[in-house]
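Please take a moment with the sequence and the structure before reading on.

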Amino acid sequence: MNYSQFFQTALNRLHDERRYRVFADLERIAGRFPHATWHSPKGSRNVVIWCSNDYLGMGQHPKVVGAMVETATRVGTGAGGTRNIAGTHHPLVQLEAELADLHGKEASLLFTSGYVSNQTGISTLAKLIPNCLILSDALNHNSMIEGVRQAGCDRQIFRHNDVAHLEELLIAAGPDRPKLIVCESLYSMDGDVAPLGKICDLAEKYGAMTYVDEVHAVGMYGPRGGGIAERDGVMHRIDVLEGTLAKAFGCLGGYIAGRTEIIDAVRSYAPGFIFTTALPPAICSAATAAIRHLKTSSWERERHQDRAARTKAILTAAGLPVMSSDTHIVPLFVGDPEKCKRASDLLLEDHGIYIQPINYPTVAKGTERLRITPSPYHDDGLIDALAEALLQVWDRLGLPLHQKSLAAE
């Protein structure tokens, strides 16, 4: 039996479908973000990262780095075990209190990543609700889809951000059936925002529980960085808020926040929480420092929005196919997987600009794109250089300018 052939066949299939992923070996330089060193096959060279999820550059902030170094020096590196076996260390307890305060909730619970917090959080909650029906947005992240699937209960998909369709499903479910609505607040591939207020209205009207993923919004929106729910004044109406420490807060980990009994139930029943090692103390202290800073500092958020707006304006003025977005996400439509990958390669090799291609299954076939995420540290010169490089790549690949797509409308 040639087992290796099974795996090679699977890899060949990805190559044939133009979906095989190649990773760039990047080394970020603290204090010089978004500049980084690309360890290319031809040697090291300087590049500018235009697609990082470290949206605010907090991964290099002196307070965050200082907190990490101080804690690692004081208490060591690893957590020492699962939460039940010596892993509930004091920096972690402090971080959970900080997160609960950020979202105005009674409690929060840390996980090793945002993926795990969704996958484990959703499935555990739904399993604990008898005869639960999950109502899930059509464009929810894979981690949410996996959480819904692993719950093993009935599920229905409502059209993306379509509250009329959601209401139809809620009515059909009946008033006596327990229901869990799961959605994101900000969808990272298109940069659009969920109508959270209307979703809360429906949940309250039809007796549903709400679970909202804020991973691309925490730290970024709201007076204290509580996310879209805080910005829109509905944070107190949402039962469970989920977020990450790996994007705007520049660290690692995921979490959920909600009422004490909800969080305690997940803590007590979730395999993805119970049977894994806790986050290290240094990571927890660094995340706490980032959250505390962004609760009081608005400079990063304001500068970030300014940079995103300027990037959209410059690229649009150049005739590039910028997809419509009301947030900090700047998607650039390509519509072809091979050309999308080639555009990414040319930007990196010829212009020292790193933007990863976004192809199927992350987005639907025919809507392939480059996903640009400006930071507070992308200055006017870098934005102008980006536009110039993109125009040259577009011309070389014969890509149309001002092209509209269904995904952009």
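Which residue is the bridge partner of Val48 in β14? In this model, which is predicted, the partner of Val48 is Ile353. The bridge belongs to the pairing of strand β3, residues 43-49, with β14, and these two strands run in the parallel sense over two bridges. Both are part of an open sheet of four strands, in which the order is β1-β2-β3-β14 and the pairing is mixed. Because β1 (26-28) and β14 stand at the edges with a single partner strand each, one side of each is left without a neighbour in the sheet.

Around this sheet lies a protein with 15 helices and 16 strands. Its radius of gyration is 22 Å, which agrees with the value near 22 Å that a compact globule of 409 residues would have, and its C-alpha atoms fill a box of roughly 60 × 60 × 55 Å along the principal axes. Of the 409 residues, 52% are buried. The accessible surface comes to about 17,900 Å², and carbon and sulfur atoms account for 53% of it.

Among the helices, α13 can be followed in some detail. Helix α13 covers residues 299-317, a run of 19 residues, and reaches 27 Å from its first C-alpha to its last, close to the 27 Å expected at 1.5 Å a residue. Its buried residues are Glu300, Arg301, His304, Arg307, Ala308, Thr311, Lys312 and Leu315. These residues lie on the same side of α13, because they cover an arc of only 130 degrees around the axis. The cover over them includes α12 (281-296), β13 (330-333), β16 (369-372) and α15 (380-397), whereas the face turned away from the buried side carries the exposed residues Glu302 and Ala317. After α13 comes Gly319, with a positive phi near 90 degrees.

Ile355 lies in the loop between β14 (353-354) and β15 (357-358), and is buried, because its relative accessible area is 0%, where buried means under 20%. Leaving aside residues up to four places away in sequence, Ile355 touches Trp50, Cys51, Ser344, Leu347, Leu370, Arg371, Ile372 and Leu386. Between the C-alpha atoms of Ile355 and Arg301, which are 54 residues apart along the chain, the separation is 22 Å.

Some details of the backbone remain. Most residues other than glycine have a negative phi, and most peptide bonds are trans. Phe33 and Pro34, however, are joined by a cis peptide bond with omega of about 15 degrees, and Pro34 sits in the loop between β1 and β2 (35-40). The bond from Tyr360 to Pro361 is also cis, with omega near 10 degrees, and Pro361 is placed in the loop between β15 and β16.

Positive phi values also occur in residues other than glycine. Arg18 has a phi near 60 degrees and is found in the loop between α1 (3-16) and β1, where Arg18 is partly exposed with a relative accessible area of 38%. Ala86 has a positive phi of about 70 degrees and lies in helix α3, residues 83-87; with a relative accessible area of 64%, Ala86 is exposed.

Note on methods: Residues are numbered from 1 along each chain as its sequence is written. This is a predicted model: local features need pLDDT of at least 70, side-chain atom pairs count only at pLDDT 80 or more; totals for chains, interfaces and linings use all residues. Side-chain values use heavy atoms; hydrogens and water are left out. The expected span of a helix is 1.5 Å times one less than its number of residues. Buried means under 20% relative accessible area, exposed over 50%, partly exposed in between (1.4 Å probe, protein chains only). The arc is that of the directions from the helix axis to the C-beta atoms. Contact means heavy atoms within 4.5 Å. The radius of gyration is taken over C-alpha atoms; the globule rule is 2.2 Å times the number of residues to the power 0.38. Accessible areas come from the Shrake-Rupley method with a 1.4 Å probe; for residues, only the protein chains shown count as cover. Two strands pair if DSSP finds at least two bridges between them.
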